[in-house]
Amino acid sequence: MYIIVVGGGRVGYYLTKALLDEGHEVLVVEKSAIVCESFTDLLGSICFRGDGCEAATLAEVGTARADMFVAVTGDDEDNLVACQVAKHKFNVPRTIARIRNPKNETIFKKLGVDVTVSSTNIILEHIEEEVPTHPLTHLLTIRDKGLEIVQIKIPPESITVGKTIKELSLPPGSTLSLIIRKEHKPIIPKANTILQAEDQIIAVTTPESEETLRTTLRGT
Amino acid sequence: MKIVIMGCGRVGAQLAGLLDAEGHAVTVLDIDSYSFRRLPPEFNGTALIGSGADEETLKKAGIEEADIFVALTQGDNRNVMAAQIAKHIFNVPRVVCRIYDPLRQELYNTLGLETFSPTTIFAQMLKGKLES
């Protein structure tokens, strides 16, 4: 695939490296000459000096034939405009923008950016999950299908302890797929599996049902 | 009319002063309170500190009741983003956006934003003057 990366900061650098390792054709667009030089020294001549929001620059780097366009500068506005230019002027099928302000997630989607990645949200989530009492951990999001895989811990005081799976009224679109129990092999839950305190449950759910699933399983 | 202006630079401040003098309800936004010194002393509108690319600030500025939104900061991309938020999220009836870069201005014009490029306008004007 031909992938254009706008922004040669730390995210841009490691992303480019990873994409090159996967065998993709990658081109980085970066404003700073010094940053461009260090890219050339470390990864070869794959960095083009220019403004990734400018249509002229993007035309020069062959954006029209790009399969994917990723904007990872530290500026939300710049990432938005770069993606919009790529999308509307060069018809790039897939545009991805990094955002710092989580509030911009819905705005960017509405304005035509295909995928947004909020660095702030990701960091927050990871730190939150380290808090021992954290009730629900997001393991994976499958965006195209609107599904997510989550982990929920059953607290000892929960009323679900001692109940079978079939006695629970799970919200629509939610399936319990695995129970991880102390000193046991992981169990695939069946209708008559009885829940125990401290069970770690891996479940598939939707963003809408997530909250109900959490309260159902952790219910007190 | 209710008008929200983002960016209280020379142009923003002067426009705010003119519209205010005509009796419109004007709110000017800027991230730096020092910029408000440019507003004329008789300015009767509201000066609000904050970024026009932020939904909360825009709501505080009364964007939901605004008839016109004008984006006049130094940053083309900031103007573009704020203008699009005003147009597509808050459905402001008239949104005007300054974009210095002529190419970007053209693109966003075709995408339905009312944009103008001071670069193009001034270059053409100068050319006209010099030729006459």
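Me: A residue is buried if 20 or more other C-beta atoms, placed from the backbone, lie within 10 Å of its own, exposed if 12 or fewer do, and partly exposed in between. What percentage of the 132 residues of chain B count as buried?

Reply: This is a predicted model, in which local features need pLDDT of at least 70, side-chain atom pairs count only at pLDDT 80 or more, and totals for chains, interfaces and linings use all residues. Residues are numbered from 1 along each chain as its sequence is written, with chains lettered from A and ligands numbered from 1 in the order in which they are written. The count covers chain B, which has 132 residues, and the buried share is 41%.

Me: What average pLDDT does chain B have?

Reply: pLDDT is the predictor's confidence in each residue, from 0 to 100. In chain B, 100% of the residues score at least 70. The chain B average is 95.

Me: In what order do the elements of chain B run?

Reply: Chain B has five helices and six strands (DSSP runs: H or I of at least four residues for helices, E of at least two for strands, numbered from the N terminus). Read from the N terminus, the order is β-α-β-β-α-β-α-β-α-β-α.

Me: Which helix supplies the largest share of the side of chain A that touches chain B?

Reply: The contact (C-beta atoms, placed from the backbone, within 7 Å) takes 15 residues from chain A and 16 from chain B. Helix 3 (55–60), helix 4 (76–90) and helix 5 (104–110) of chain A each supply at least two residues of the chain A side. Seven residues, the largest share, come from helix 4 of chain A.

Me: Which strands of chain A stand at the edges of the open sheet?

Reply: Four strands of chain A form this sheet in the order 7-8-10-9, with antiparallel pairing (at least two DSSP bridges between two strands). Each edge strand has a single partner, so one side of each is left without a neighbour in the sheet. They are strand 7 (136–142) and strand 9 (175–180).

Me: Which residue of strand 10 of chain A stands opposite A:Ile179?

Reply: Strand 9 and strand 10 (residues 200–205) of chain A run antiparallel and are joined by five bridges. Opposite A:Ile179, strand 10 of chain A places A:Ile201.

Definitions and conventions:
Contact = placed C-beta atoms within 7 Å.
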